[in-house]
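Here is a short briefing on one protein model. Please look over the sequence and the coordinates first.

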Amino acid sequence: MTTTLPDLATFTAEARAWLRTMASPAADARWGTGSDSVAVFENWTAAEERAHTDAVAEYEKAKFDAGWGALTWPTEFGGRNLPVAFELAFRGIEEEFDVPRRTEMFSVTQQLVAPTIAQWGTPDQQDRYVRAMLRTDLIACQLFSETEAGSDLAAVRTRAVARDGAWVLNGHKVWTSGARVADYGVAVCRSDPDAPKHQGLTVFLVPMNAAGVTVRPIRQMTGGSSFNEVYLEDVRLSDDHRLGPVGAGWSVALTVLAAERLDGAGLGLANADRAVELARHLDRSLTEVEADRVADLVTRGFVQRIAGMRVAQTMMSGADPGPEASMGKLLATDTMARTSEVVRLLLGSRLVADHGAWGRYAWTEHVLGAPGYRIAGGTDEIQHNIIAERVLGLPKEPRL
């Protein structure tokens, strides 16, 4: 049976009409009004993080219920089974409106964890979690990184031991975004310490309110906390919390990581655009050097957008974008660094002292946070290795 696709022009017109019922056009916002936040990693209290998460979730639920929230997903998960082109078109239109902007938790939940459960989960897990995560009834976080593992995820030491018909987890995870508001954490654990490190891993869906789970915020140099460390101390889980086969945790984790790299195509572009607007609204003319740096930032933004289109095109063809996604991630971290350079050049001392002016001191949070993305989502070195192996054909480092 062939399903007739809607006309894309009609689709976009209907999407725009629905969004008008939800929010004002973003173009209505004037420079110097509203929030001037350009934080890379939000500088929130626990209460502020919860309030913002709830506001975004309310919008995401309304979007899902109206048929705009899971466009490419099968109908059994509440989707419309549309090609990626429709998803990209909706995202573009959504940018035209002042809707609640999703934090990292929502891309993790909807674009990383939900697809991984759909691929690796049992039918019961799929029924229980996938639709709920797409609608954001449940929020998920990643319990991947550890102090001694870093980018070598296969070196994790958190243990999962089968005991008395259940699993007992013990370990320590770090750099967990959104752990204070998440309902579940996807934890990579070592279940067989005697197996080769890539073969002795198992993944679990850990309820964040389970006995033995402790979340401790990590204070950032900007003063707030958006990251956390999570302690797992004798956390007892039934086997229906296991995601994927025992010992197949490396493959399950790679599914999450592949989606994470795809999600970074537009990373940093909003703040780059804001930096260009800052240049337009300075109370003085730009020097030749400043004008050159701003023009360079604009050009690099276009290059990053083109790279994002290549990733989307690869996805639309049904292929798995590997080096394209890695190149997009490298371009994104470079854009963020160049944005910081432009802002420092434009503002000078006004960047480092809070005089109360809109859109000035707020940039400190971008400047301090941007370097973190050279680590988050796969380090620059990891991306270079992927490109070296898949584009240049260099040999892979042998796995132990």
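Trp 175 is exposed, with a relative accessible area of 53%; exposed means over 50%, buried under 20% and partly exposed in between, with a 1.4 Å probe and protein chains only. This is a predicted model, where local features need pLDDT of at least 70, side-chain atom pairs count only at pLDDT 80 or more, and totals for chains, interfaces and linings use all residues. Residues are numbered from 1 along each chain as its sequence is written, and side-chain values use heavy atoms, with hydrogens and water left out.

**Loop residues with positive phi**

- Trp 175 sits in the loop between strand 3 and strand 4. Helices (H or I, at least four residues) and strands (E, at least two) are DSSP runs, numbered from the N terminus.
- Phi of Trp 175 is near 60°, a positive value in a residue other than glycine.
- Asp 164 occupies the loop between strand 2 (159-163) and strand 3 (166-173). Its phi is near 55°, again positive in a non-glycine residue.
- Asp 164 is exposed, at 68% relative accessibility.

**Arg 236 and its surroundings**

- Arg 236 belongs to strand 7 (residues 227-237). It is partly exposed, at 46% relative accessibility.
- A polar atom of the Arg 236 side chain lies 3.3 Å from the backbone oxygen of Asp 164. This is a polar contact: a pair of N or O atoms within 3.5 Å, where within protein one must be able to donate a hydrogen and the other to accept it, and residues adjacent in sequence count only if both atoms are side-chain atoms.
- Beyond neighbours within four places in sequence, Arg 236 is in contact with Arg 163, Asp 164, Ala 166, Trp 167 and Val 168. Contact means heavy atoms within 4.5 Å.

**Helix 1**

- Helix 1 (residues 8-20) has 13 residues. It reaches 18 Å from first C-alpha to last, close to the 18 Å expected at 1.5 Å a residue; the expected span is 1.5 Å times one less than the number of residues.
- Phe 11, Thr 12, Ala 15, Trp 18 and Leu 19 are buried in helix 1.
- Seen down the helix 1 axis, its buried residues fall within an arc of 125°, so they line one face. The arc is that of the directions from the helix axis to the C-beta atoms.
- Cover for these buried residues includes helix 2 (46-65) and helix 3 (84-94).
- At the start of helix 1, a side-chain oxygen of Asp 7 comes within 3.1 Å of the backbone nitrogen of Ala 9.

**Nonpolar cores**

- The largest nonpolar core has 33 residues, and Ile 117, Met 133, Leu 134 and Phe 144 touch the most other members. Such a core is a set of buried Ala, Val, Leu, Ile, Met, Phe, Trp, Tyr and Cys residues joined through side-chain atoms within 4.5 Å.
- Elements that each supply at least two residues of this core include helix 4 (104-120), helix 5 (123-134) and strand 4 (184-190).
- A second, separate core of 24 residues includes Val 56, Ala 160, Cys 189 and Val 235.

**Cysteines**

- The disulfide count is zero, with a disulfide taken as a pair of cysteine sulfur atoms within 2.5 Å.
- The sulfur of Cys 141 is 12 Å from its closest cysteine sulfur, in Cys 189, too far for a bond.
- Cys 141 is buried at 1% relative accessibility, and Cys 189 is buried at 0%.
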